[in-house]
Amino acid sequence: MAIKDLKIVGQPVRLRDLDTHVTGETVYYEDVRVPRLLHLKMHRSTYSHAKILNIDTAEAKSSPGVVCVLTHEDLPGKKKFNALAGVGVGPEDESVLAFEKVRWKGESVVAVIAETPAQAEAAAAKVKVDYEELPVVLGIDEALKDGAPVITAHWPNNHYIFPENHRAAQVRFGDVEKAFAEADHIVEDSYETQPIEQAPIETNGCIAVPVGENRITVYSNTQGLQFSLDTTAGILDIPTSKLRFIGGTVGGGFGGKVDMQVEPITTLAAMRTGRPVKFKYTREEEMRVSSSRSAWRVVIKDGVMNDGRIIARKITTYQDSGAYLRFSSYGGMKHCGHMPGPYTIPNVWIDSIVVFTNRAPSNAMRGFGVMAGSFALEVQMDTIAETIGMDPWELRLINAYREGDMKSHQKEVEDAGMVETILTAAKLAGKQLPEAFQNMSSFDQKAG
Amino acid sequence: MASKIVSLKVNGKIEELVVSALMTLQDVLRDTLDYTSVKEGCRQGGCGSCSVIVDGELRLSCLTPIQEVDGSEVTTLEGLNQSNSITALQNQFVEKYAAQCGFCTPGMMVAIKALLDSNPNPDREEIVEALAGNICRCTGYLPIIEAVESVVAEMSGASGE
């Protein structure tokens with residue numbers, strides 16, 4: 001399909017629910033009114049890494065308004081889960097309520113359900129957990145050091161093990177070492193990005209309502225309704241036909257609502273109490289507890305010729321997953337698919353490593369696995385331009401992929417538009433390019 | 001804690017309510033009276049999604065103790081809908097794509113209404129200043145500001161200026 005045949009791209013499309021957004025009539029999960037609603041609050045770990053010696057809920061249970069208190073012993077089904085297990089991601093490493101160990105400060109340990117949010121909060125503060133502190137790992141280098149404290153037994157070196165026992169998600173294309181030996185210039189650098197909270201105005205939450213015959217209807221603002229449903233059924237050990245999830249109206253997500261942390265425990269609480277239960281993150285929980293964008297480190301070594309052709313690119317990426325896997329291996333693989341950027345490079349080597357630390361688990365945010373890569377690559381492109389004394393626009397036009405080129409992950413480029421995008425941006429920015437560059441197209445042969 | 005009876009006029013209707021000392025205006029509007037346009041984004045006065053008009057002034061309902069507004073007149077977006085007083089603004093929001101997830105939108109509407117009530121002809125700087133307490137994470141603020149500017153232009157056109 002040619003670009004001129006596209007009917008939607010380039011046209012403004014009106015949101016279906018815009019008319020009720022402006023009147024305040026759009027129904028978010030929290031606007032659903034149910035009688036006799038209970039409220040769930042979480043007692044959370046106060047240590048970044050510690051053995052759980054004892055959990056004492058006696059005082060919480062006798063606190064005013066408390067209806068139910070849940071620990072890991074109350075989980076009927078799966079003790080550990082990963083929301084992507086249904087599509088083959090594993091091993092499942094995280095519990096809805098911690099047992100044996102806590103691996104980050106803020107991890108869920110005991111759920112308290114009471115008549116009012118204030119009563120639930122007061123009772124949650126009365127839960128007593130005895131811990132034995134363990135050494136803490138808070139950064140990528142610390143985590144990967146020989147003899148570093150092990151966070152999860154599955155991963156003795158604190159990094160994820162990809163299928164076929166690989167230390168990293170990998171791309172191997174051509175021969176980078178041979179190309180480095182032939183290159184006129186070697187350009188190397190390392191780039192880091194920090195964790196970022198998605199900060200939707202509506203925090204993570206759900207309401208679970210028993211509707212008879214052991215069935216539960218869950219109103220949720222999750223961004224992955226089917227994953228939330230699947231995860232909940234697994235943890236409760238019930239068929240998915242017992243659950244009805246209603247969602248899709250999300251008060252901002254940006255990747256910050258794919259943790260599947262609130263639905264399973266709220267649904268269990270509704271089943272246990274026989275009453276509707278609501279669990280809503282406070283703003284503080286949203287900032288501290290819900291996962292953020294991962295911190296990334298991208299290390300790049302490029303082999304470049306005097307005429308601007310990049311003939312080899314070697315990338316090692318470290319993604320700080322925090323204490324649990326969540327979607328990080330997926331993000332790491334997406335990162336591989338995105339690299340080495342929108343350029344055709346004949347020799348590429350990528351290792352994308354997922355590192356575990358005792359930080360809050362990280363997860364998706366807009367352009368999962370992609371943003372940190374693009375940031376690193378485009379700063380690197382400017383550095384190359386400076387190193388070889390070439391205009392940075394021209395450098396990108398020379399290397400931009402063309403129709404039919406083979407990408408390093410063995411996929412042929414279709415519907416290429418990179419050259420045209422750069423030329424349009426140049427025009428808008430008032431950048432004067434030599435005629436040979438102005439006449440370039442995605443359908444011509446590359447300079448080399 | 002001692003309960004108390006307060007009387008409010010909400011969106012034109014008189015409400016007599018038994019409230020406890022720590023209840024906020026937001027608790028009463030959202031949970032007791034079911035005015036669900038009053039959103040709760042932070043419960044700490046940081047996001048503006050709970051904005052309402054109290055006796056003609058813009059207030060954050062999450063930081064307003066209910067007992068402090070005993071006897072007051074309160075308007076939420078539901079009330080503005082009833083009076084059709086912000087139809088032009090709503091049309092401009094739709095026209096300019098000034099909402100995405102929509103969660104901050106009711107608070108924005110109320111804040112803009114409060115601005116236009118006190119200053120029917122604000123310039124861009126005054127509009128920006130008036131919306132400084134309302135956070136939007138989706139659209140960016142430009143379409144919102146432009147929607148307000150269009151309404152101001154329409155209004156001044158209609159009054160023959």
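Colleague: Hi! How many residues of domain 1 of chain A are in contact with domain 2 of chain A?
Modeller: Hello! In this predicted model, 17 residues of domain 1 of chain A are in contact with 18 residues of domain 2 of chain A.

Colleague: And what sort of residues does domain 1 bring to that side?
Modeller: The side of domain 1 of chain A that touches domain 2 of chain A has 5 nonpolar, 7 polar and 5 charged residues.

Colleague: Let's switch to helix α3 of chain A. Which of its residues are buried?
Modeller: In that helix, residues 117-124, the buried ones are P117(A), Q119(A), A120(A), A123(A) and A124(A). They lie on the same side of α3(A), because they cover an arc of only 165 degrees around the axis.

Colleague: Why can residues a few places apart point the same way?
Modeller: An α-helix has 3.6 residues a turn, so residues three or four places apart point the same way.

Colleague: What do the buried residues of α3(A) pack against?
Modeller: Four elements of chain A: the strands β1 (38-44), β3 (66-70) and β5 (108-114), plus the helix α2 (58-61).

Colleague: Now chain B. How many of its residues are in contact with chain A?
Modeller: 28 residues of chain B are in contact with 22 residues of chain A. On the chain B side, α2 (77-82), α3 (87-95) and α4 (105-118) each supply at least two residues.

Colleague: And how does that side of chain B split by class?
Modeller: It has 14 nonpolar, 10 polar and 4 charged residues.

Technical notes
Residues are numbered from 1 along each chain as its sequence is written. Chains are lettered from A and ligands numbered from 1 in the order in which they are written. This is a predicted model: local features need pLDDT of at least 70, side-chain atom pairs count only at pLDDT 80 or more; totals for chains, interfaces and linings use all residues. Two residues are in contact if their C-beta atoms, placed from the backbone, lie within 7 Å. Ala, Val, Leu, Ile, Met, Phe, Trp, Tyr, Cys and Pro count as nonpolar, Asp, Glu, Lys and Arg as charged, and the others, Gly among them, as polar. A residue is buried if 20 or more other C-beta atoms lie within 10 Å of its own, exposed if 12 or fewer, and partly exposed in between; C-beta atoms are placed from the backbone. The arc is that of the directions from the helix axis to the C-beta atoms.
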